[in-house]
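Colleague: Could you take me through one part of this model in some detail? I'd like to see how it sits in the rest of the chain.

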Amino acid sequence: MMSSKKIVLIGPPGTGKTSIKKTFFEKYSPISLLKNPLDPSRGLNSTNYVLLDSKLGIFDLAGQENDLWLSNEDKSIFNDSNMILCIFDINNSLESIIQFLLNIYQIQIDLNLKSCKIVAFMHKIDLVSQSYAKRKIKAICEFMTKQHPRGANFKIFQTSITKENYYYTFRVLYKLLKSIIPYEGIPSQGNEMAEFNSILCAIEDKQIYVEKLAVKLNIKEERLLSRIIDMERKGLIKSMNNMDAFVLSDSAYFFKFGLENIRKKGDLEENLGFDTFFFFLILNEFNT
Ligand SMILES: Nc1nc2c(ncn2[C@@H]2O[C@H](COP(=O)(O)OP(=O)(O)O)[C@@H](O)[C@H]2O)c(=O)[nH]1
Ligand SMILES: [Mg+2]
């Protein structure tokens, strides 16, 4: 039996809810999401994903209709949610962020969502200085813990889908996902995953030459090619015209960039990165 989990994404219009969902869960290019904004979403867009033995429903609530979701009639949208992820633009006003969070806490009480986690993302962190972000987050945390006692286990993160922040943001998501779905370590298909991981690590440029890479990894070209085709299916790689050349997808490239930076600094256990990669890889849209 698959367990079902529900995450609701909510926040003011234009904060990046749909971009986060599309790039991390569906491997859309973060570069094009940043360059060519999506049409503003309307209403409710829910998508089902499979993650290990769980079904994961992600409900993307369009910001334009917040008054509706937060009003009495439509609050039912939050029923049975395991997590409410409030996504703000770091430049949203402090007052509006706090008011929004208080509304969400009120919904949690009204609907008796006892085990539902409430998390805030201060998104587009790339647009501000670190000290600005730090001060703002401190102010929010102080309000939520001191002036508003229910917020004692309130969690808040700095996020962005830009190259410099992509890996960190996914790691935040990965930890949140792990906290709501049953997970007992990488399952048996882990060997295949390890192979994907070493392929990803071995790619030096954005371009991939199968022949060269096969030599480097000391595996047969045929085998490498079939792995690459699997990776393409997972959105990590894109093939060029005739299967001779491949490129990493933008999302995989950003992910790898962050992972390597952390490895360079030497403060990452090999396995931690692999675990994150594993989650990044296995998030698949579930077509019904
Ligand atoms: N600077 C910056 N812009 C972002 C980021 N994420 C999304 N955006 C932009 O924010 C705008 C709104 O994004 P969208 O996902 O449609 O927001 P939604 O209305 O909350 O679903 C788009 O122009 C995106 O390119 C980010 O991390 N940094
Ligand atoms: Mg949207």
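Colleague: Take helix α5, residues 130–147: what should its 18 residues span at 1.5 Å a residue, and how far apart are its end C-alpha atoms?

Modeller: Bear in mind that this is a predicted model. At 1.5 Å a residue, α5 should span 26 Å, and its end C-alpha atoms are 25 Å apart, which agrees. Now look at which way its residues face. Lys-136, Ile-140 and Met-144 are the buried ones to look at in α5. Seen down the helix axis, the buried residues fall within an arc of 65°, so they line one face of α5. As for what covers the buried residues of α5, the list includes α4 (94–110), β5 (117–123) and β6 (155–158). Turn to the other side of α5 and you find exposed residues: Gln-130, Ser-131, Lys-134, Lys-138, Glu-142, Lys-146 and Gln-147.

Now step back to the whole chain. The domain assignment gives domain 1 (3–180) and domain 2 (190–285), with 29 Å between their centres, taken over C-alpha atoms. Where they meet, 21 residues of domain 1 are in contact with 16 residues of domain 2. On the domain 1 side, the elements giving two or more residues are α1 (17–26), α2 (30–35), β2 (44–51) and α6 (166–180). Of these, α6 gives the most, with seven residues. That side of domain 1 divides into 14 nonpolar, three polar and four charged residues.

Terms used:
Residues are numbered from 1 along each chain as its sequence is written. Chains are lettered from A and ligands numbered from 1 in the order in which they are written. This is a predicted model: local features need pLDDT of at least 70, side-chain atom pairs count only at pLDDT 80 or more; totals for chains, interfaces and linings use all residues. Helices (H or I, at least four residues) and strands (E, at least two) are DSSP runs, numbered from the N terminus. The expected span of a helix is 1.5 Å times one less than its number of residues. A residue is buried if 20 or more other C-beta atoms lie within 10 Å of its own, exposed if 12 or fewer, and partly exposed in between; C-beta atoms are placed from the backbone. The arc is that of the directions from the helix axis to the C-beta atoms. Two residues are in contact if their C-beta atoms, placed from the backbone, lie within 7 Å. Domain bounds come from an automatic or database domain assignment. Ala, Val, Leu, Ile, Met, Phe, Trp, Tyr, Cys and Pro count as nonpolar, Asp, Glu, Lys and Arg as charged, and the others, Gly among them, as polar.
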